[in-house]
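This report describes strand pairing, helix packing, domains and a chain interface. The sequence and structure come first, and the description follows.

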Amino acid sequence: MNNTTAKIMIADDDPGILDSVGIMLEYRGYEVLPSSKNTLNQVQAELPDLLLLDIWMSGQDGIEICKALKGNERTREMPVLMISASRHIENSAFDAGADDFLAKPFEMEQLFEKIEYLLKK
Amino acid sequence: MEKLVFQEILNEITLPFIIYEGNDLLLQTVNREAQILLGISKGVEGKPLSEVLQAGGQERLIDSAHKALTSGSEQKLQHVILELSDNHIKRKVQVDLHSKPLKREDGSVWGILQMLKEVSGPAVDNHEDRKEQYRLIALVENSSDLIGITDMQGNVTYLNKAGQMLMGASSIDECYRPSVDYFIYEDYIRLRPEIQVSMAEKGMWRGEISYRHFKTGEPILCDLNAFVITDPVSGQPIGMASVTRDLRATQAARKEQQKLFTLVENSADLMSILEPNGLNSYINKAGRELLGFESEKEVLSTPISDLHSPEHFEQVSKEVLPALEKFGRWEGQMIVRHLKTAEEFPIFNKSIRIDDPKTGQMVAVGALMRDMRPELAAQKALSDSEKLFREITTAAPAALWMCDDAQRISYVNKVWEEWTGQPLEAQLGEPVCHTVLPADREMAELKFGEDFKDRKFHHCQFRVSNGNTIRWIIRTGNPHYDSKGEFIGYIGACVDITELKQLQEQKDQFLGIASHELKTPVTSIKAYTQVLESMLRDSGDTKKADMVKKMDAQVNRLINLIGDLLDVTKIQTGKLQFNDRYFDFNEMVKELVEDVGRTSKKHSIITHLEETGEVYADRERIGQVVTNLITNAIKYSPNADRIEVYTRIENNNVRLCVQDFGIGIPREKKDKVFEQFYRVSGDEQHTFPGLGLGLYISSEIVKREGGKIWVTSMEGRGSTFCFSIPATGNKKND
């Protein structure tokens, strides 16, 4: 239960994920920042401690957002944990600069382990 | 010279005489008259008389000469009967014998002159007749027929040279034996009564009888002409003479003739001989039946014009006969008419002119004919069958193809022409896969080549195009053999599966999207259940927390099912992803055994892990296989309490085996367990849930990682599932 004060932004176009994962993270003590339709701008404005980024979102491309964040000096060090229902896209995520990848559906314990590891880094 | 003149003078002396010389009484001169009388030949000078007159009669002559020699005085004997034998004919001669010593000047005897004056008597031959008899004997002796004489007791007393040769006798002495010895005994017994009656009544018998070779016992069929010899004075029978001719050559010829006749008579083809008068002298059995003859006699009286309608007889008279006249032969088709039913039918006729070898004139026409109806019917059936085949192949919705033993196209139907946009003529002789789209051709050629080499059922999918439409095709084919069992190529069909392919693609897309879309809400459900469980547990409501945990387990089952469906879709679309990297194989196995072990309280999973080191593969996918094998082992051994897991390195491959002690797999179903949707059926199995995809996915993963998977099992005793993958990895990732 380290880094409980850390701000985690969840970028996913599915309200169910946003809500359920948000509740879980809050229950674990994190501050949850739900994303808007323009994730990139919001991240750059709010600078969360970690971004949980879905890859396929309607109107937004997670890969491109990741590339942009990793290409920007202000956001380069911010850990990005990419999530997707498509496991085969894992390599693309890492190629885009993601710090880690988690395939949906996942165990919450897996998610917490990865978040804690990335925040410690 | 003087000696010759002297000899000639001596020969001219009509009195038979002999001059003996020396104490051994060697013959010095035998004049011509003496040679005739005694039946001896010239050139006997210097020999003793005993050597010359072997058959008898010499004793009296030598005795007389010897007495004259020893006494030195003349010896005269009257009416001396000499028993002589000329060429084996015995005869008696009566002579007055006068032996006179020939003396030198000193009175010593140097030789004997012996004169033989023939005198006639009742028991001896007449001197004048004998010359004629001698000629007759020479004739008989040298006859090519067997000539023999038998006495009244049935003993043979004479047999000429031809007879001795036929019977295999080495000398005349062998021939002096009872006549029964001359014949095959059964033949002799069979014919004897007939011969005896005929001899008694007619004085002769003639017929065929089998002689028996003295040495070999071989039967010799002969024509025997026997007749009684009577005494000219008393008229009483004094013996029997026989003239016999060897019939073996004739018999052989007769047999050959019979064989030939049987062959001709029983030939399935019609054979006939036509005489110049327009009548057949012979038509064989097949011909008589074919043309409606009721007897051989009817053949002889029916003119050939009756065997044709007037219209068709014109061909015979205007074409066939002139051709035979001119060229000696004719062959072709003609129409004949059945004598009784008047039915007309075609025959193939091959006629040749038969000429008299001496005059060269045509004496007959030999004809060989064949009923053409079966042949024409067969041709028509074949033609109809070909027509039907073409109509069927044209009407068939499938494309049909054939190739020869060099993999070259020998036939394609209209459908294939349409699908490929190439006419049959352009495809004949081309390689079987030449119309396959270039992108699929190499694969199709490889597959066909392998099947062709092993002469096995061919099955392949590829695309073809006619320029407008691209079609997906399933081509099947089987090896084709001729009536002698010789391999002559392949014959098969092609089916258009374009629609099926499209449906398959749609299904795959749907499953892909559906399972992907399912994962998102499932992720939410998992999050809610897990947070709910945490909340309930934190609030101390363990009972509700446990229920929510069970709900989470059920969600996990749902996730696995969705995962399997998605994997199958990916396998079929070739989109199964592999992220190969190095990992510790045993480490992974231990983790999974621990994870799966938590799900079964009943089974303990016992590991036997030999050092495997790191392998290069997709850890997740290989882990999926291991998990599948262990969960299956638990699932299908409900009454057992342990599972054994083994790992080892073998031939640079990592091998893992999972052994259970459960229900096992029937031998005949062992190979099917790795097939898609296959589930072990049976009474007990109804209770085992699942889609039947786990082992299929596992086998595909192992194959894609360059490994193999297999099972050994005994029904009722349990199964051992194993897989092996290269330890150094398979770099062929998708």
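## A hairpin in chain B

Strand E6 (residues 146-150) of chain B pairs with E7(B) in the antiparallel sense over three bridges. Two strands count as paired if DSSP finds at least two bridges between them; strands (E, at least two residues) and helices (H or I, at least four residues) are DSSP runs, numbered from the N terminus. In this pair B:Ile149 stands opposite B:Tyr158 in E7(B). Five residues lie between E6(B) and E7(B), which form a hairpin, and B:Gly154 in the turn has a positive phi of about 85 degrees.

The model is predicted: local features need pLDDT of at least 70, side-chain atom pairs count only at pLDDT 80 or more, and totals for chains, interfaces and linings use all residues. Residues are numbered from 1 along each chain as its sequence is written, chains are lettered from A and ligands numbered from 1 in the order in which they are written, and side-chain values use heavy atoms, with hydrogens and water left out.

## The sheet containing the hairpin

E7-E6-E10-E9-E8 is the strand order of an open sheet of five strands in chain B, with antiparallel pairing. Strand E7 (156-159) and strand E8 (204-212) of chain B are at the edges with a single partner strand each, so one side of each has no neighbour in the sheet. On average, neighbouring strands of this sheet are turned by 25 degrees against each other, direction ignored. Angles run from 0 to 180 degrees between N-to-C directions, and axes are lines fitted to C-alpha atoms, for helices over the stretch in contact.

E8(B) runs antiparallel to strand E9 (residues 219-230) of chain B, and nine bridges join them. B:Arg212 stands opposite B:Pro219 in E9(B). Helix H7 (residues 185-202) of chain B lies across E8, E9 and strand E10 (237-246) of chain B, at about 160 degrees to E8(B). Helix H8 (residues 248-266) of chain B also packs on the sheet, where it touches E8, E9 and E10 of chain B, and its direction makes about 135 degrees with that of E9(B). Contact means heavy atoms within 4.5 Å.

## Another five-stranded sheet

Chain B also has an open sheet of five strands in the order E12-E11-E15-E14-E13, with antiparallel pairing. Strand E12 (280-283) and strand E13 (329-337) of chain B are its edge strands, each pairing on one side only. The twist from one strand to the next averages 25 degrees.

Nine bridges pair E13(B) with strand E14 (residues 344-355) of chain B in the antiparallel sense. B:Met334 stands opposite B:Ile347 in E14(B).

## A helix pair

Helix H19 (residues 619-635) of chain B packs against helix H20 (residues 694-704) of chain B at an angle of about 145 degrees, with the axes 9 Å apart. Residues in this contact include B:Ile622, B:Val625 and B:Leu629 of H19(B), and B:Leu695, B:Ile697 and B:Ile701 of H20(B).

## Domains and interface

An automatic or database domain assignment gives the domain bounds. Chain B is divided into domain 1 (2-126), domain 2 (143-251), domain 3 (274-371), domain 4 (377-496), domain 5 (502-572) and domain 6 (577-726). The C-alpha centres of domain 1 and domain 3 of chain B lie 79 Å apart.

Between the chains, 22 residues of chain A are in contact with 23 residues of chain B. Chain A and chain B bury about 2000 Å² between them, 58% of it on carbon and sulfur atoms. Buried area is the accessible area (1.4 Å probe) that two parts lose on being put together, summed over both. A:Tyr27, A:Arg87 and A:Pro105 supply 32% of the area that chain A buries against chain B, more than any other three residues.
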